[in-house]
Amino acid sequence: MTVSLQDRLVTGATGARAGHVESAAPAAARPRRRWLDFGQTLDWRQRLLLGSAGWLVFFAGWYLAANAGLAPDRLFPGPLQVLASLQELFVEKAFLGDVLASVRRILVSFGLAVSVALPLGLLMGAFARVDGVLNPFLGACRYLPAPAFIPLLLMWLGTGDSQKIALLLIGVVFFLSIMLADVTRQVPAAFVETAKTLGGGRRAVLWTVVFRHSLPGYLDTCRQMLAVSWTYLVIAEIVAATDGIGAMMMRAKRFVHVDDIMAGIVTIGLLGLALDALFRVLHRWWFPYLRGGHQ
């Protein structure tokens, strides 16, 4: 059969287009990498580098602002002056005792908050009737400002550690209960139904399925709420306190030692950062199967 010239031209053009598409396909399969893009993952080296860059930018801006003459050095010290003040506090003014007193109050109050909020959050998230009873009350209490309880706590508990720990507890426990209940509700219903089908009782399902599935979320929620405890620390320690980071800052205020006040703020930030890092390490250690999705 004779093939016309027109057919040959059409066939050649089609083959050329197909070859062009095939050669262009590998190029289209390799999208251009961007510095900012959705769904990127970073290894620990990249995170360390970017985090260090952020801190360098912050301290450089602080240094430039302090040396720009915007305010007297006494009222706006630079980072080097605050670092020198921090060294003086630890070496000459027994600041370590204040730091340990504050850390003790944070750990005790937060431990009490978790011991109360965790059972409540577990039961509220697992059982709708329990949630129906407790959620309206706890949801209303979380809007109450914790500092408003200071006069009552002073009358009821005095000026000792009990008053400060109670204030830190009130500032956290209501929010923590609601947030832990939200984590519990994220357990897939299929898991619970499967456990019940296999003969699991209510207590067994609650402990082996609901609680254990929620543990990673519980730990993440506690890590986030621990920051709230640190925000209430200074408020708890500025009222009739003789030790603690907040008490040191109030003593520094009387003598207009702004560098000491800023050194106390830096100390709180560093302690909070250290505890946050500890929670992250515990999450990676206890739940290695979630490492790919946990940042």
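**Exercises: a surface patch and a core**

Phe-58 is partly exposed, with a relative accessible area of 45%. Partly exposed lies between buried (under 20%) and exposed (over 50%), using a 1.4 Å probe and protein chains only. The model is predicted: local features need pLDDT of at least 70, side-chain atom pairs need 80 or more, and totals for chains, interfaces and linings use all residues. Residues are numbered from 1 along each chain as its sequence is written, and side-chain values use heavy atoms, without hydrogens and water.

**Exercise 1.** Find the helix that holds Phe-58, then the nonpolar patch.

*Solution.*
- Step 1. Phe-58 sits in helix 2. Helices are DSSP runs (H or I) of at least four residues, numbered from the N terminus.
- Step 2. Phe-58 forms a nonpolar surface patch with Trp-55, Phe-59, Val-266, Leu-270 and Leu-273. Together they have about 580 Å² of accessible area.
- Step 3. Helix 2 (44–66) and helix 11 (258–286) each supply at least two patch residues.

**Exercise 2.** Explore the largest nonpolar core.

*Solution.*
- Step 1. A nonpolar core joins buried Ala, Val, Leu, Ile, Met, Phe, Trp, Tyr and Cys residues through side-chain atoms within 4.5 Å.
- Step 2. The largest core has 57 residues; Phe-95, Leu-176, Leu-226 and Trp-230 touch the most other members.
- Step 3. Helix 9 (residues 202–237) gives the most to this core, with 14 residues.

**Exercise 3.** Find the elements with the lowest and highest mean pLDDT.

*Solution.*
- Step 1. pLDDT is the predictor's confidence in each residue, from 0 to 100.
- Step 2. Helix 1 (residues 5–28) has the lowest mean, 49. Helix 4 (residues 95–126) has the highest, 96.

Methods
Patch = residues over 30% accessible without salt bridge, like charges linked within 9 Å, V, L, I, M, F, W, Y side chains within 5 Å. Areas by Shrake-Rupley, 256 points an atom, 1.4 Å probe, with all protein chains shown as cover. Salt bridge = Lys/Arg side-chain N within 4 Å of Asp/Glu carboxyl O.
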